[in-house]
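Open the model in your viewer and keep the selection panel at hand. The tour goes stop by stop.

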Amino acid sequence: MSAADNSTPFMRGQVSRRTLLRTGASSALTLAAGEAFGRAPPPADRPEAYSDNEVIANGHRFFGSISRGLAEGVESATRRWGKPNAYVLGQEAGGAFIGGLRYGEGDMYTRNAGHRRIFWQGPSLGLDAGADGDRTMMLVYNLPSVEAMFQRFSGMDGSAYLIGGFGFTALEAQDVVVVPIRSGVGARLGLNLGYLKFTERSTWNPF
């Protein structure tokens, strides 16, 4: 056998071993990547996020007029909590004299998980008084699923503020944040503590 013939099996074997090593490494990387994605798949029922422009446009249609205050409030909430992945449009009525109650109903909308009829009730205690009836838009942040909305959300300290005729508050439960936006003086943003309980059916029981 010639020198060329003697070297051919070695070279072929060397190429084969290198090819196997490369193929094995590539497979291992692919498998590791698949396992990494498999450990934390995005939940199928998690609502997708809305952009600021979509939220402001929906608010404009709902409240009947656009204002700088609504845009500023939405942008402020986005800087703090990111983009909402659900929102509620509805109406509510409430009254207070030191202690108060609030009742509302509306529809919760999501981009990819449909929309649901929703009701809310809640007590408050604090330095506010009066009665109001408002159109209310609620922005919902970090909602893992539609069902996660049906629980109690308590007020966050220092979350009540007025911008351009719109009242903003923030409520939280298990990393989910709900920001009700109310129009007009009837926002009734006193120094109060309370919560809202969201339910699938109407009820007079605020607790």
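Predicted model: local features only at pLDDT ≥ 70, side-chain atom pairs only at ≥ 80, totals over all residues.

**Stop 1: the main core.** Select Trp-81, Met-137, Leu-139, Val-179 and Ile-181. These have the most contacts inside the largest nonpolar core, a set of 23 residues. Now colour by element. At least two core residues each come from helix 2 (52-63), helix 3 (68-81), strand 1 (86-109), strand 2 (115-141), strand 5 (166-168) and strand 7 (176-183). Helix 3 gives the largest share, five residues.

Stop 2: Select Trp-120, Leu-143, Phe-153 and Leu-171. They belong to a separate core of 19 residues.

**Stop 3: helix 3.** Its 14 residues reach 20 Å from first C-alpha to last, close to the 20 Å expected. Which of its residues are buried? Select Gly-69, Leu-70, Ala-71, Gly-73, Val-74, Ala-77, Thr-78 and Trp-81. Just past the helix, Gly-82 has a positive phi of about 90 degrees.

**Stop 4: two loops.** Most residues other than glycine have a negative phi. Go to Asn-142, in the loop between strand 2 and strand 3 (152-155). Its phi is positive, about 65 degrees. Asn-142 counts as partly exposed because its relative accessibility is 33%. End at Gln-174, in the loop between strand 6 (171-173) and strand 7. Here phi is positive too, about 50 degrees. Gln-174 is exposed, at 68% relative accessible area.

Terms used:
Residues numbered from 1 in each chain as written. Heavy atoms only, no water. Core = buried A, V, L, I, M, F, W, Y, C linked by side-chain atoms within 4.5 Å. Buried < 20%, exposed > 50% of the residue type's maximum accessible area, 1.4 Å probe, protein only. Helix = DSSP H or I, 4+ residues; strand = E, 2+ residues; numbered from the N terminus. Expected span 1.5 Å × (residues − 1).
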